[in-house]
Amino acid sequence: MTVGVLDSGVDAAHPDLAGSVVAERDFTGSGDVRDRNGHGTHVASTITGDGVADPRYRGVAPDARLVVGKVLDENAAGSFSGVIAGMEWIAQQGVEVVNMSIGASLPSDGTDPLSAAVDTLTARTGTLFVVGAGNAGGDGSVTAPGLAESALTVGAAGADDGVAGFSSRGPRPGDGAVKPDVTAPGVDITAARAGGTSAGDPVGDRYTTMSGTSMAAPHAAGAAALLFQRHPGWKPAQVKSALMTTARPAEGASVFAQGAGRIDVGRAVAQRVLADRGGVSFDLRRAGASQRVTFRNEGDAPVRLDLALRMRGPDGPAPDGMFSVSPAALEIPAGGTADATVTAEPGQAPRGRYEGGLTARQGDEETLRLPVGAVWEPALREVRLAGVDRTGRPAGTTVETTPWAVLTDLATGKQAETYISGSGVAARVPAGRYSLHAVVPTGDTDMALFSYPDLSVGDRDLTITADARRARRVAARVDSRTAVRAGADEIGVTETVAGTPLSFGVAVAGTVTGLSARPTAKVAGRPFGFYHVANLAEPDGPRAYHLQHLSDGRIPRRLDRRVRDTELAAVDSVYHADRPLTGLRGSVAAVPGVLFGAGYGEFPVRLPGRRTELYTASPALRWGRTLTVGQDEQAGFVTGVSALPTGEPGRRTRHWNAAAPGTLGGGARKVGNGPMAFRARPFATPDAVDHLSRPTTARTSLWRNGELLGSSDSGTVQVPTPPGEARYTLRSTAERAASWTGLGTRSETEWRFPYTPTMARMEEPPLFAVRTEGDFDQDNRAPSGGRFALSLRVTDGRLHTPGTLPRFGRPSVEASYDDGRTWHPAEVATAGDNRWTAGLTHPPLPGGHVSLRVRLSDGEGTSLDQTVIRAYGLR
């Protein structure tokens with residue numbers, strides 16, 4: 001017998017799999033089927049490993065041969081098109097069973113492109129696809145292609161046969177069908193370890209232990225292979241039914257979590273009375289329904305089956321007469337069949353889920369058990385959106401081109417559960433008024449936005465066709481002739497529904513991807529708006545553009561805009577560094593009504609260097625900005641600076657990575673009455689709101705009334721904070737020996753402050769930072785051999801709930817020119833509330849460095865001592 005495996009490849013050199021692979025093909029572009037992840041080898045050996053390296057870890061069907069399709073790369077990632085191509089290829093290789101321990105979170109009624117491919121290939125080739133249910137754990141979370149009707153979808157069971165907490169559950173979206181179909185062992189499964197991989201918990205060099213429905217599926221696939229071997233003429237539905245109807249359900253577990261229960265391959269192989277289906281699912285949207293079950297006797301003597309149907313609902317046993325089976329007994333001759341009809345008549349029964357089983361007994365022995373599930377819904381209407389792409393072809397023929405949508409009840413603000421149905425998207429909702437927003441793709445190069453702000457759903461199902469050919473191009477044309485998209489542009493709508501602000505948008509990246517939208521009429525009676533965020537940069541020029549366009553009340557008819565440089569706020573960005581670097585500038589638009597920002601801009605910059613960044617000028621607009629240098633964990637930094645307001649057109653200057661660095665203090669309590677995270681971010685630049693540099697060795701400690709609460713070898717210490725007022729001390733030490741900078745080699749900062757915790761969620765401790773700036777050149781150097789002025793200011797470390805800062809007295813500022821061995825006082829003058837100037841006299845020391853020590857106090861218990869070695873250089 002031969003079993004197909006679509007996964008991350010296989011280590012064919014593993015002793016347990018040697019000689020097992022008879023055909024192979026790569027669908028990832030890697031050029032071979034070598035398993036560089038380890039997932040596929042573990043799966044394959046669970047099916048057919050012969051235990052040569054250790055007989056304890058033999059597979060379910062150790063004599064099976066393998067056909068391997070590699071559809072996942074070393075990161076267990078793959079493309080939908082690659083997976084479907086692998087399915088089509090492997091189904092033509094003469095295999096009767098294909099294991100797919102892979103899945104995509106695509107809410108679907110089983111007709112999405114992945115699931116539809118399973119059903120099509122099973123019908124065409126007679127191949128049974130055995131699919132892991134997924135590891136999301138929640139209701140309605142079974143992944144595609146496990147939603148396919150013909151697939152044997154497998155959940156994970158533990159050692160006690162109970163359903164694993166992580167195992168995805170049904171029912172299937174749209175029709176409420178029972179999925180998964182069965183469970184199989186999927187917790188702490190030890191199987192072959194691919195050479196050179198470390199996935200799971202290794203057990204020596206040859207094996208590793210993993211958990212997941214990925215581990216459960218190959219147990220079922222191996223069992224299916226044994227059944228096909230025992231019954232060469234069987235069809236996929238017969239094998240699936242035999243495994244389901246002989247499974248053993250876990251007590252207390254829902255059929256929507258376990259299907260029929262844990263497979264029992266020995267019982268399935270020995271079974272002589274069979275059913276034509278593995279279970280019964282009812283979709284009770286508007287009325288009752290009946291389904292026929294055919295029982296077949298493959299024995300050589302007649303049998304009598306006594307049938308019983310037991311169902312439970314949301315409030316206990318199902319009402320009498322809601323479910324029935326007729327007849328109550330069947331006489332089946334040897335080699336013959338007999339039919340029974342299962343009927344559901346909900347009547348006035350409570351709405352909700354119903355589950356149970358149809359049992360067939362021979363005397364006192366249970367011969368078969370079919371899981372039965374039903375979802376009895378109120379009178380709902382199906383709202384379906386079908387798409388037409390810009391070429392005039394139906395959208396949704398592939399996963400990548402399937403439309404997506406959000407449907408919101410205008411009376412309650414509640415969003416309906418949408419799911420893929422065929423080539424479109426659908427939802428079931430009561431009659432009422434809704435807003436519907438959708439995106440229709442054309443390939444992967446164009447996205448069209450549609451908005452139906454006030455949609456009336458009456459007493460009939462409703463189908464809407466969104467034709468991308470009727471959408472208008474959204475674009476921003478600028479003065480620069482060479483600027484191209486830099487990062488991701490985004491369009492979307494914002495609205496307030498039943499007092500709740502909502503947004504829906506679509507973003508695209510790359511130089512050829514397009515955006516379009518269909519204009520709407522004016523929306524009355526509630527806030528509604530359209531936004532467009534565009535980011536462009538000149539590849540070899542100095543200009544970068546960050547543009548926002550907001551339209552109130554509608555998606556406007558004019559969506560192609562001309563924007564001139566003179567209309568924009570120009571920011572001369574000066575990038576500092578003491579050594580040549582290349583960085584990546586990021587920005588995100590803080591669009592009113594969009595929770596997490598929109599349109600991520602990204603372009604390279606040279607440090608030291610300059611760039612002119614042009615922003616849409618409006619007092620209502622803000623931009624979050626970041627600078628990243630180094631893309632690995634060994635060297636570099638990430639700094640985020642305060643949101644940039646862009647009011648009137650004109651020019652201003654902003655500095656990046658400028659001296660002198662200091663330590664940011666902050667933190668938050670993420671959960672009410674939970675621990676508080678006290679945070680110190682050393683080597684932060686003067687305008688940073690967050691900063692992380694590598695490599696940094698840090699130590700952070702916190703005391704309360706002189707008692708140590710906790711320490712950590714990082715920039716954050718998380719501790720419980722006892723109630724009541726107390727005096728706290730937070731101490732941070734950090735060292736940095738970085739190849740990308742010679743500055744900021746050591747930092748020591750200590751805060752002392754009184755604090756009375758409120759224990760509220762997102763509470764922030766009353767920490768702060770002292771910011772030190774000066775007229776440094778782009779190499780972060782100051783002139784040697786003369787006077788030099790520094791400016792100092794105190795800023796609040798509470799980012800979300802800023803409070804009133806203490807009023808500090810004149811600080812002590814000292815400078816060292818020998819890395820902290822000796823210190824020289826500076827002349828300090830007050831320049832405003834919590835602002836000062838410090839005058840230094842630099843020695844004639846070109847190429848040297850200046851270290852800074854600052855002490856400040858409010859005289860009432862709040863103070864800061866900060867020392868930074870090599871804060872800036874001298875020229």
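In this predicted model, a network of salt bridges links D777, D779, R781 and R875. The count of salt bridges comes to 48.

Among the individual pairs, the side chains of D819 and R870 meet in a salt bridge, at 3.1 Å from N to O. D819 lies in the loop between β55 (812–816) and β56 (824–825) and R870 in strand β60 (residues 863–874), so this pair ties together parts that are 51 residues apart in sequence. Strand β60 also contains D865, whereas R855 lies in strand β59 (residues 849–857). R855 and D865 form a salt bridge in which the closest N and O atoms are 3.8 Å apart; the pair therefore ties together parts that are 10 residues apart in sequence. R855 is partly exposed, with a relative accessible area of 35%, and D865 counts as partly exposed at 34%. A further salt bridge joins the side chains of D32 and R36, at 2.9 Å from N to O. D32 is partly exposed at 27% relative accessibility, as is R36 at 32%.

Helix α1 (residues 39–48) is mostly covered, with 10 of its 10 residues buried. These buried residues, including H39, V43 and I47, pack against several elements, among them β1 (2–7), β3 (65–70) and α4 (213–230).

The largest nonpolar core comprises 44 residues, of which V130, L152, V154, L227, V239 and L243 touch the most other members. Helix α4 supplies the largest share of this core, 10 residues. Not counting residues up to four places away in sequence, L243 touches L152, V182, A220, A223, A224, L227, I263 and A268. Apart from this core lies another, of 41 residues, among them A726, L730, W751 and L767.

How values were computed:
Residues are numbered from 1 along each chain as its sequence is written. This is a predicted model: local features need pLDDT of at least 70, side-chain atom pairs count only at pLDDT 80 or more; totals for chains, interfaces and linings use all residues. Side-chain values use heavy atoms; hydrogens and water are left out. Buried means under 20% relative accessible area, exposed over 50%, partly exposed in between (1.4 Å probe, protein chains only). Helices (H or I, at least four residues) and strands (E, at least two) are DSSP runs, numbered from the N terminus. Contact means heavy atoms within 4.5 Å. A nonpolar core is a set of buried Ala, Val, Leu, Ile, Met, Phe, Trp, Tyr and Cys residues joined through side-chain atoms within 4.5 Å. A salt bridge is a side-chain nitrogen of Lys or Arg within 4 Å of a carboxyl oxygen of Asp or Glu.
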